[in-house]
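Trainee: I want to learn how to read a model like this one. Where do we begin?

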Amino acid sequence: MISICESLVDKIENSKNPNLAVVSFADSLFTKRNYCLSYRIYSGCKQDAHVTSRINDIDKMVIHCDSDEEQYFAIIQTAEKYVKEGNHEKALLLFQRALAINPNDPYPKKRITDLGG
């Protein structure tokens, strides 16, 4: 992770357009299927059509993961994104979906309670 951060800092420092450097770096991670990290980086970029499209692509892919564990964490991540955006209704639905996958985890139960569900 440190080497990834160092590589990103180098690209930004040596670029005349820092946002483009960051987006290019996120694109390289996306291409390598490192969706979680590329999503985080895209989220911090200036939101243009390309960045928005990549974020939407990741949102679609993440919800349709192969294993229950991957799907569970993807749902939690997306639900937290909705909370941050103020869309509590969608977040609540996703936390309920996560709870159905893993009924023994107290985290989605707490978030559902926090959101008034």
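Mentor: We begin with one residue. Ile75 has a relative accessible area of 0%, so Ile75 counts as buried. Buried means under 20% relative accessible area, exposed over 50%, and partly exposed in between, with a 1.4 Å probe and protein chains only. Before going on, note that this is a predicted model, where local features need pLDDT of at least 70, side-chain atom pairs count only at pLDDT 80 or more, and totals for chains, interfaces and linings use all residues. Residues are numbered from 1 along each chain as its sequence is written, and side-chain values use heavy atoms, leaving out hydrogens and water.

Trainee: Where does Ile75 sit?

Mentor: Ile75 is in helix H5. Helices (H or I, at least four residues) and strands (E, at least two) are DSSP runs, numbered from the N terminus. The C-alpha atoms of Ile75 and Arg97 are 7.6 Å apart, although 22 residues separate them along the chain. Ala74 also belongs to H5. With a relative accessible area of 4%, Ala74 is buried. Its C-alpha lies 9.8 Å from that of Leu94, 20 residues away in sequence.

Trainee: How many helices and strands does the protein have?

Mentor: The protein has 7 helices and 0 strands. Along the sequence the pattern reads α-α-α-α-α-α-α. Of the 117 residues, 35% are buried. Now look at contacts, meaning heavy atoms within 4.5 Å. Take those between residues at least 6 apart in sequence: 31% join residues at least 24 apart.

Trainee: How do I read a nonpolar core?

Mentor: In soluble globular proteins, nonpolar side chains tend to be buried together. A nonpolar core is a set of buried Ala, Val, Leu, Ile, Met, Phe, Trp, Tyr and Cys residues joined through side-chain atoms within 4.5 Å. Here the largest core has 14 residues, and Ile41, Tyr42, Cys45 and Val51 touch the most other members. Helices H2 (18-31), H3 (35-43) and H4 (49-63) each give two or more residues to this core. H2 supplies the largest share, 6 residues. Apart from this core lies another, of 13 residues, including Tyr72, Tyr82, Ala91 and Leu115.

Trainee: Which residues does Tyr42 touch?

Mentor: Leave out residues up to four places away in sequence. Tyr42 then touches Val23, Ala26, Asp27, Phe30, Gln47, His50, Val51, Arg54, Ile55 and Ile58. Pick Asp27 from that list. Asp27 lies in H2, and its C-alpha is 8.7 Å from that of Tyr42, 15 residues along the chain. Beyond four places in sequence, Asp27 contacts Tyr42, His50 and Arg54.

Trainee: What about Cys45, buried or exposed?

Mentor: Cys45 is buried, because its relative accessibility is 6%. Cys45 lies in the loop between H3 and H4. Leaving aside neighbours within four places, Cys45 contacts Asn19, Val22, Val23 and Val51. Compare a serine. Ser38 is in H3 and is buried at 0% relative accessibility. Ser38 contacts Ala26, Leu29, Phe30 and Ile58, neighbours within four places aside.

Trainee: How do I read the faces of a helix?

Mentor: An α-helix has 3.6 residues a turn, so residues three or four places apart point the same way. Take H7, residues 106-114, where Pro108, Arg111 and Ile112 are buried. Seen down the axis of H7, these buried residues fall within an arc of 100 degrees (taken from the directions from the helix axis to the C-beta atoms), so they line one face. The face turned away from the buried side carries the exposed residues Pro106 and Thr113.

Trainee: And pockets?

Mentor: Rolling a probe the size of a water molecule over the atoms shows where empty space is left. On a 1 Å grid over the protein atoms alone, a pocket is an open set of points where a 1.4 Å probe fits, with protein on both sides within 12 Å along at least five of seven lines; lining residues have an atom within 4 Å of a point. The largest pocket has a volume of about 250 Å³, the space filled by probe spheres set on grid points joined across faces, edges and corners.

Trainee: Which residues line the largest pocket?

Mentor: The lining is Tyr39, Arg40, Ser43, Gln47, Ile55, Gln77, Glu80, Lys81, Lys84 and Glu85. H3 and H5 (68-85) each give two or more of these residues. H5 gives the largest share, 5 residues. By type, the lining divides into 2 nonpolar, 3 polar and 5 charged. Here Ala, Val, Leu, Ile, Met, Phe, Trp, Tyr, Cys and Pro count as nonpolar, Asp, Glu, Lys and Arg as charged, and the others, Gly among them, as polar.
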